[in-house]
Amino acid sequence: MKWGVVTFPGSNCDQDAFRVVEEGLGETLVRIWHKDADLGGADVVIVPGGFSFGDYLRCGAIARFAPVMEAIRTHAARGGLVMGICNGFQILCEAGLLPGALVRNAGLRFICEDAALRVERRDLPWTRGLPETFVAPIAHAEGRWVAAPPVVERVEGEGQVVFRYARRDGVVAEDANPNGSTHGIAGLVNEGGNVLGMMPHPERNAERGFGDGSGLLLFQSVLASFAGGRT
Amino acid sequence: MLVRVLVLPRRAVLDPQGRAVAQGLVHLGFPVRDARVGRVVDLEIDAPTAEEARSLAGRMCEVLLANEVVEDWEVLP
């Protein structure tokens with residue numbers, strides 16, 4: 001399969017995504033520029049973290065209008081896999097590909113630390129290969145997921161929550177919620193399950209030495225699902 | 001012509017920046033109960049009438065300047 005990674009002006013976690021695809025997985029990488037008209041045949045598109053367009057106006061507010069977003073929208077509508085990490089999650093929410101919005105952390109501070117995550121669904125391409133909990137670092141000032149109450153209810157009711165901030169033992173609790181995100185939500189999918197948004201960076205814990213490397217499991221899970229034709 | 005728009009966090013959404021500002025003001029001795037911090041955008045719009053310019057500004061808010069999930073917007077008179 002081909003793995004696309006989009007770069008916007010100001011994206012910086014595209015580099016880590018390149019590394020996961022090429023070195024971590026040994027897979028084919030397609031570098032996608034924000035002005036590209038198509039996805040270069042990518043089967044899965046990663047919208048990486050960083051500070052696209054300087055986070056000007058709102059995080060992801062401007063990237064959402066980049067020319068490439070049209071192709072991403074079409075790809076997602078066809079059931080294609082799209083993964084937004086951190087700023088990527090913000091962009092997908094601004095683009096309406098995922099519900100809700102990411103706003104300023106409740107404590108106002110930029111938080112840079114490892115986050116333990118409870119995996120709420122293990123039946124998706126993203127999570128089939130994941131253990132019940134895994135760790136990935138967060139690095140953000142606008143990571144608090146919010147939405148109108150009916151939307152929150154629907155997201156929870158439809159099982160769209162994929163990751164929740166938890167204590168190391170996997171227990172979800174307010175004291176494990178770094179940014180005040182509604183119900184401790186760290187990552188969720190759209191109704192079809194093919195578009196994932198998550199604030200933590202699995203690509204930053206994809207090699208031993210940068211953590212325990214368990215973030216690689218997420219990408220391997222996608223690869224295995226694709227190979228098995230079960231996306 | 002110049003059109004000014006105001007974008008503020010919705011009351012239902014926690015505004016930690018506003019809360020920090022309010023606390024700072026209270027600390028300075030002001031009788032402040034609440035504050036919300038948003039942004040002002042001044043737009044130079046080419047339109048035949050002020051009304052049309054304001055209407056366009058409203059569309060701009062809906063499309064880009066405000067995220068209606070978490071923000072309220074207003075085109076100022």
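The lining of the second largest pocket comprises nine nonpolar, one polar and two charged residues, where Ala, Val, Leu, Ile, Met, Phe, Trp, Tyr, Cys and Pro count as nonpolar, Asp, Glu, Lys and Arg as charged, and the others, Gly among them, as polar. The structure is a predicted model, in which local features need pLDDT of at least 70 and side-chain atom pairs count only at pLDDT 80 or more, while totals for chains, interfaces and linings use all residues. Residues are numbered from 1 along each chain as its sequence is written, chains are lettered from A in the order in which they are written, and side-chain values use heavy atoms, with hydrogens and water left out.

Residues of both chains line this second pocket, including A:Arg144, A:Pro149, A:Thr182, B:Arg10, B:Leu14 and B:Val70. Its volume is about 220 Å³. A pocket is an open set of points on a 1 Å grid over the protein atoms alone where a 1.4 Å probe fits, with protein on both sides within 12 Å along at least five of seven lines; lining residues have an atom within 4 Å of a point. Grid points are joined across faces, edges and corners, and a volume is the space filled by probe spheres set on the points.

The largest pocket has a volume of about 530 Å³. Of its 27 lining residues, A:Arg58, A:Val103, A:Arg104, B:Arg39 and B:Glu71 are the closest to the centre. The lining of the largest pocket contains 14 nonpolar, four polar and nine charged residues.

A salt bridge requires a side-chain nitrogen of Lys or Arg within 4 Å of a carboxyl oxygen of Asp or Glu. The count between chain A and chain B is one salt bridge. On the side of chain A that touches chain B, nine residues are nonpolar, two polar and five charged.

Contact (heavy atoms within 4.5 Å) involves 16 residues of chain A and 15 residues of chain B. The two chains bury about 1,100 Å² between them, 64% of it on carbon and sulfur atoms; buried area is the accessible area (1.4 Å probe) that two parts lose on being put together, summed over both.

Over all chains, the count comes to 15 salt bridges. One of them joins A:Arg204 and A:Asp16 at 3.9 Å, N to O.
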